There are 2 protein chains.
Amino acid sequence: MAEQLTIVKVGGKIVEAPDTLARLLADFAALPGKKLLVHGGGRSATQLASRLGVETHMVDGRRITDDAMLEVVTMVYGGLVNKRIVAGLQAAGVNAMGMTGADMDIIRSVKRPAREIDYGWVGDVTRVDGDALARVINDGIVPVIAPLTHDGHGHILNTNADTMAGATASALARHYAVRLIFCFEKDGVLLDENDDSTAIPHLERNRYADLKAKGIIAGGMIPKLDNAFATIDAGVSEVIITKAANIGKPGHGTVIS
Amino acid sequence: MAEQLTIVKVGGKIVEAPDTLARLLADFAALPGKKLLVHGGGRSATQLASRLGVETHMVDGRRITDDAMLEVVTMVYGGLVNKRIVAGLQAAGVNAMGMTGADMDIIRSVKRPAREIDYGWVGDVTRVDGDALARVINDGIVPVIAPLTHDGHGHILNTNADTMAGATASALARHYAVRLIFCFEKDGVLLDENDDSTAIPHLERNRYADLKAKGIIAGGMIPKLDNAFATIDAGVSEVIITKAANIGKPGHGTVIS
């Protein structure tokens, strides 16, 4: 049986506030076995952009990334947020290594073509080098991946962290029994979005289709779950959607397998 | 005989302007064999600080690093400058990996004690993990190191790039025949600072002492050369002080061995 690897994807909100970051680092450090972290940082990027007089434009939750915004996200995701996490994990005894897709060429993407909307320097993932990442992980290193990739022609591209986590999990499924945890503001996929106690413990494909048809699962949850089921198709053992505060706790969140 | 490793240290001025950066990346990519790059980024840090209304204070060429300035250098050195170099080298076929001292715990430092001057979040290097770096290098990876370290207790520390390059070269001298190239604005150590043709081709310890005593070598060159001779004492094969444009060219710059 393949060794287990836990991949945690955590959004900007958690890693940007000192108290929730400290809690996350402690919980992540306590996870047993091999692991990998993918983080966001959107709120800090928006804040820095605002301080620099760079306007933030979002379309469907995606950031329009012109030259000035690319500088901002490269600084915030690759520098400020990533290195804070790495230094914090090192202090917690985790041998973390911060990476973007450009580092060791682990994740390549292609600049999204401008159609109705020109997203600018935004990348869609085309290839994850799972072999290179597995060599790093097997050396006892814990990769901490910022939501930036590169196109192989010298351009950094702003890239969705959920997609990167899913693609990384899929690529590593050849090497490990991968458990992918998406941290979310709610404790899983809820039947009633205002009631955390209605989290669905286990979601299968048929039930998902049914809940989607009834409009119970809607909005931003749909791309997240489509991404989750795609990683299962790619060989990932299970996907868990839960609160960051519950990443180490069994019996919380929604399990997709 | 040990395999050769070339370590290049390049200052902020070169890596911050697109044209000199492009030239450096091409020249560095063309260097044969195993290699490692240490870069600065001070000018960009000062620029970003100014845009954010953070005042820059320098004492003896060292940046006073308060909380706000630490955020700036973490973003600029670890994010903007480092990732631009990494993406550029990847495009040139070099499998670069950006790192700070915190990543893989490769370089630790201790916060400089506040005496007459409180430098703030500035670190003095205490330990380089040459074994870990050698494993990375032997895997075909080219480390690209930003001038940031960590204290092992979760703090990033702003650290002098020359010192980091020297300490890294010294730690790797157990693994390789290390050639350390310090890129400088002039083509080496000059007998007449206004005449590039007066570069001393080869500088030995006795001549250095003599030229220092006569005041021909003075100012900021002295800590650079003291650092260079210290790395020779630590087992580095040769140190070259030259212009960035001449890093691949024999017969340029000043060789210390």
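In which sense do strand E13 and strand E14 of chain A pair, parallel or antiparallel? The pairing of E13 (residues 238-243) and E14 (residues 254-256) in chain A is antiparallel, over three bridges. The legends below describe close-up views of a predicted model.

**View 1. Confidence of the predicted model.** The model is predicted. Its scores are ipTM 0.96 and pTM 0.97. For chain A the mean pLDDT is 95. In that chain, 100% of residues reach 70 or more.

**View 2. Strands E13 and E14 belong to an open sheet of eight strands in chain A.** The strand order in chain A is E5-E8-E2-E1-E11-E13-E14-E12, and the pairing is mixed. Strands E5 (96-99) and E12 (202-203) of chain A form the edges. Each of these edge strands pairs on one side only. Three bridges link E13(A) to E14(A). One residue pair to look for is A:Val239 with its bridge partner in E14(A), A:Ile256.

**View 3. Helices H3 and H4 of chain A cross at roughly 130°.** H3(A) spans residues 42-51 and H4(A) spans residues 67-91. Their axes come within 9 Å. The angle makes H3(A) oblique to H4(A). The crossing is right-handed. From H3(A), the residues in the contact are A:Ser44, A:Ala45, A:Leu48 and A:Ala49. They meet A:Met69, A:Val72, A:Val73, A:Met75, A:Val76, A:Tyr77, A:Leu80 and A:Val81 of H4(A). By class, this contact of H3(A) with H4(A) has 11 nonpolar residues, one polar residue and no charged residues.

**View 4. Chain B has an open sheet of eight strands with mixed pairing.** The order in chain B reads E5-E8-E2-E1-E11-E13-E14-E12. E5 and E12 (202-203) of chain B stand at the edges, each with a single partner strand, so one side of each has no neighbour in the sheet. Strands E1 (residues 4-10) and E11 (residues 177-184) of chain B run parallel and are joined by six bridges. Within this pair of strands, B:Ile7 has B:Leu180 of E11(B) as its bridge partner.

**View 5. Helix H5 packs on the sheet of chain B.** H5(B), residues 130-138, touches E1, E2 (34-39), E5 and E8 (142-145) of chain B. The direction of H5(B) makes about 130° with that of E8(B).

**View 6. Helix H8 lies across E11, E13 and E14 of chain B.** H8(B) is formed by residues 221-233. E13(B) covers residues 238-243, and E14(B) covers 254-256. The helix runs at about 150° to E13(B).

**View 7. Helices H6 and H8 of chain B cross at roughly 10°.** H6(B) covers residues 161-172. The axes of H6(B) and H8(B) come within 9 Å. The two helices are therefore roughly parallel to each other. B:Asp162, B:Thr163, B:Gly166, B:Ala169 and B:Ser170 are the contact residues in H6(B). In H8(B) they meet B:Lys224, B:Asn227, B:Ala230 and B:Thr231. The contact of H6(B) with H8(B) has two nonpolar, five polar and two charged residues by class.

**View 8. Helices H3 and H4 of chain B pack at an angle of about 130°.** H3(B) covers residues 42-51, and its axis and that of H4(B) are 9 Å apart. This angle makes H3(B) oblique to H4(B). The crossing of H3(B) and H4(B) is right-handed. H3(B) brings B:Ser44, B:Ala45, B:Leu48 and B:Ala49 to the contact. H4(B) brings B:Met69, B:Val72, B:Val73, B:Met75, B:Val76, B:Tyr77, B:Leu80 and B:Val81. By class, the contact of H3(B) with H4(B) has 11 nonpolar, one polar and no charged residues.

**View 9. Chains A and B meet in a contact that takes 33 residues from chain B and 33 residues from chain A.** On the side of chain B that touches chain A, the elements giving two or more residues are H4 (67-91), E5 (96-99) and E9 (148-150) of chain B. H4(B) gives the largest share of that side, 13 residues. By class, the side of chain B that touches chain A has 13 nonpolar, 13 polar and seven charged residues.

Terms used: Residues numbered from 1 in each chain as written. Chains lettered and ligands numbered in written order. Predicted model: local features only at pLDDT ≥ 70, side-chain atom pairs only at ≥ 80, totals over all residues. Contact = placed C-beta atoms within 7 Å. Helix = DSSP H or I, 4+ residues; strand = E, 2+ residues; numbered from the N terminus. Nonpolar A, V, L, I, M, F, W, Y, C, P; charged D, E, K, R; others polar. pLDDT = per-residue confidence, 0-100. Pairing = 2+ DSSP bridges. Axes fitted to C-alpha atoms, helices over the stretch in contact; angles between N-to-C directions. Parallel < 35°, antiparallel > 145°, perpendicular 65-115°, else oblique. Left-handed = near helix turned anticlockwise from the far one by under 90°.
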